Structures are given as C-alpha cells and as structure tokens.
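The sequence and the structure come first, and the description follows.

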Amino acid sequence: MAFTMPGMYRVVHGIDVFDPKFNIVSPGADMSIYFPYSESQRRLTSLHPEIEELLYSNVDNNLTGLVELYGKNPRLQELVNLVVVCGDHGNPSKDKEEQAEFKKMFDLIEQYNLNGHVRWISAQMNRVRNAELYRYICDTKGAFCAACFL
C-alpha cells in the first residue's frame, strides 16, 4: 500500500528499505547531487577515503541520534549500525533545549549499551560530499539519520 504527494513517494506497508522506490526525496532537492547510490557511474569515489575517515576513524566524534528506537530494537542492531549526521561536533550548543536533548541521547546510548553501534558525525556543509556520504552508507547497508535540533 502506498500513497504519493507531489514530488514525493512513501511506502507505508511492506517496506523494503533497499527498494529504490522507498527512497524519499524532499521537494526542491537537487537531483544532480542527491541521486541513488546504485548509479555507480555518477558516484564520487574520490571522496570515499575522506568518508571512511569520518565513519571508521578511532576518533570519537560523540554520539547522538534516534538511539531510543534503535536501542529498543535488537534485530535492527544486528542488521545495521546507526550513523547520525547532526550538529557541530566540538562546539557545544548554546541552546539549552538542544543541550538537554544531546544529554538524553548520550544517556540512552549508555542505557542500551550502544557504544560501537552508533556514530555521530557533524553536519556536513558540502552538499556534494554529503550526498556521497549517504550513498556510501547505503553501500555498506548502514542506516543514517540527518537531523537538526532547532
């Protein structure tokens, strides 16, 4: 079962996350930058070493995300690690609400013993690299959440 909206397609029943029709593209997204990871001839593989450093380095970039949902789902943890692209690592937020949300998420990571399963990297300002980051994560069958707390 599915429904559509102008410029969007969402599957609401029988979801297969690796089915291209499941991809949801926001209206106004530049399709020359945000194209499916399966279009290998268009991929920016020269960025992969830099992306690998973001995702797999020994440097702890702190952790946040939708950890409660992820933490409550052991099956999902078996299938994928969670990558969260959010905030500005190393620069503490001045917003009290955002600080509280980050603390709550750190606590959830500890509560559900998710160290090594969740990776927080700072928001990526380069749209081209950001798009390739998402495709790279798809290559490795990872899950990601790009978020901003306002």
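## Basis and overall fold

Helices (H or I, at least four residues) and strands (E, at least two) are DSSP runs, numbered from the N terminus. The model is predicted, so local features need pLDDT of at least 70 and side-chain atom pairs count only at pLDDT 80 or more, while totals for chains, interfaces and linings use all residues. Residues are numbered from 1 along each chain as its sequence is written, and side-chain values use heavy atoms, with hydrogens and water left out.

The protein has 5 helices and 5 strands, and from the N terminus on its elements run β-β-α-α-α-β-α-β-α-β. Taking contact to mean heavy atoms within 4.5 Å, residues 24 or more positions apart account for 72% of the contacts with a separation of 6 or more. The protein exposes about 9700 Å², of which carbon and sulfur atoms supply 56%; accessible areas come from the Shrake-Rupley method with a 1.4 Å probe, and for residues only the protein chains shown count as cover. Buried residues make up 32% of the 150 residues, where buried means under 20% relative accessible area, exposed over 50%, and partly exposed in between (1.4 Å probe, protein chains only).

Strand β3 (residues 82-86) is mostly covered, with 5 of its 5 residues buried. Leu82, Val84 and Cys86 point one way from the strand, whereas Val83 and Val85 point the other way. In a regular strand the side chains alternate between the two faces of the sheet.

Two strands count as paired if DSSP finds at least two bridges between them, and β3 pairs with strand β4 (residues 118-121) in the parallel sense over 4 bridges. Within this pairing, Val84 stands opposite Trp120 in β4.

## Nonpolar cores

A nonpolar core is a set of buried Ala, Val, Leu, Ile, Met, Phe, Trp, Tyr and Cys residues joined through side-chain atoms within 4.5 Å. The largest one has 13 residues, of which Val67, Tyr70, Leu114 and Val118 touch the most other members. Elements α2 (67-71), β3, α4 (96-111) and β4 each supply at least two residues of this core, and the largest share, 4 residues, comes from α4. A second, separate core of 11 residues includes Leu47, Ile51, Val83 and Tyr136.

Leaving aside neighbours within four places in sequence, Tyr70 is in contact with Leu76, Gln77, Val80, Asn81, Leu82, Leu114, His117 and Val118.

In helix α1 (residues 48-56), His48, Ile51, Leu54 and Leu55 are buried. These four lie on the same side of α1 because they cover an arc of only 115° around the axis, the arc being that of the directions from the helix axis to the C-beta atoms. The buried residues of α1 pack against β3, β4 and α5.

Glu132 counts as buried because its relative accessibility is 0%. Apart from neighbours within four places in sequence, Glu132 is in contact with Arg43, Leu44, Leu47, His48 and Ile51. Asn130 is also found in helix α5 (residues 127-139) and, at 9% relative accessibility, counts as buried; not counting residues up to four places away in sequence, Asn130 touches Tyr34, Val85 and Gln124.

## A positive phi at Asn113

Asn113 is placed in the loop between α4 and β4 and, at 59% relative accessibility, counts as exposed. Although Asn113 is not a glycine, it has a positive phi of about 50°. Most residues other than glycine have a negative phi.
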